Amino acid sequence: MRRIKEEFPDCAVTLSIGEKSYEEYKAYKDAGADRYLLRHETANEEHYKKLHPENMSWKNRMRCLKDLKDLGYQTGCGIMIGSPHQTVECLVDDMMFMQDFKPEMIGLGPFLPHSDTPFKDEPKGSYEMTLYLISLCRLLLPEVLLPATTALGTIKPDGREQGVLAGANVIMPNLSPVQVRDKYMLYDNKICTGEASGECKACIEARVKSVGYQVAITRGDHVSAF
């Protein structure tokens, strides 16, 4: 990470490696990390317990997010729309949490099951509700970084483009080597797992252009378009 910052001092180094101690987060920050993405999953503790094994704690997840904020990270949180046992009340709690927490990035995507998990037989989340909540987040937090996620493009062919039209302002191409992408298949039939990095970037640029926008490759710390 230090080498990346030395070679590319103007880039924003973003981490998404889960729950850590305060000291570990501080070490990453001191090494040059700028952003940290950690989905809160749900603002409802009982819902969290239904989604995670017993050794994971909702209170610890909240502690992690607070530590990241306190250390000065640009912090990202988020949820899966339509995750198992999610209710309308849960979604209300999530929106209120995000409004109060004021993250710099919010990850919203439809829940998509994976065949090797306990939730393999659960239904997919709502594409329409995901777009609605993207729009709502844009209104509540007008300067937030709001990705049109790969999950949106997986659940519907033009999902990411519709996400942009709903208020999303970030699309993240898959730049990892093709041969390692099957190691982080978070759900079945994930798109952009077989393309080379250059092809993925070119595809995204063409898709964004098709809905009247143009890709700008920047740090994205400030949102001038909204």
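1. The structure holds nine salt bridges, a salt bridge being a side-chain nitrogen of Lys or Arg within 4 Å of a carboxyl oxygen of Asp or Glu. The model is predicted, with local features needing pLDDT of at least 70 and side-chain atom pairs counting only at pLDDT 80 or more, while totals for chains, interfaces and linings use all residues. Residues are numbered from 1 along each chain as its sequence is written, and side-chain values use heavy atoms, with hydrogens and water left out.

2. One of the salt bridges joins the side chains of Lys-5 and Asp-34, at 2.9 Å from N to O. Lys-5 belongs to helix α1 (residues 2-7) and Asp-34 to the loop between α2 (22-30) and β2 (35-37), so this pair ties together parts that are 29 residues apart in sequence; helices (H or I, at least four residues) and strands (E, at least two) are DSSP runs, numbered from the N terminus. Both Lys-5 and Asp-34 are buried, where buried means under 20% relative accessible area, exposed over 50%, and partly exposed in between (1.4 Å probe, protein chains only).

3. A salt bridge is also formed by the side chains of Lys-59 and Glu-45, at 3.0 Å from N to O. This pair links distant parts of the chain, with Lys-59 in helix α4 (residues 58-70) and Glu-45 in helix α3 (residues 45-51), 14 residues apart. Lys-59 counts as exposed because its relative accessibility is 53%, whereas Glu-45, at 25%, counts as partly exposed.

4. Within helix α4, Asp-67 and Arg-63 are four residues apart, and therefore separated by about one helical turn. Their side chains meet in a salt bridge of 2.8 Å, N to O. Asp-67 is buried, with a relative accessible area of 9%, whereas Arg-63 is partly exposed at 28%.
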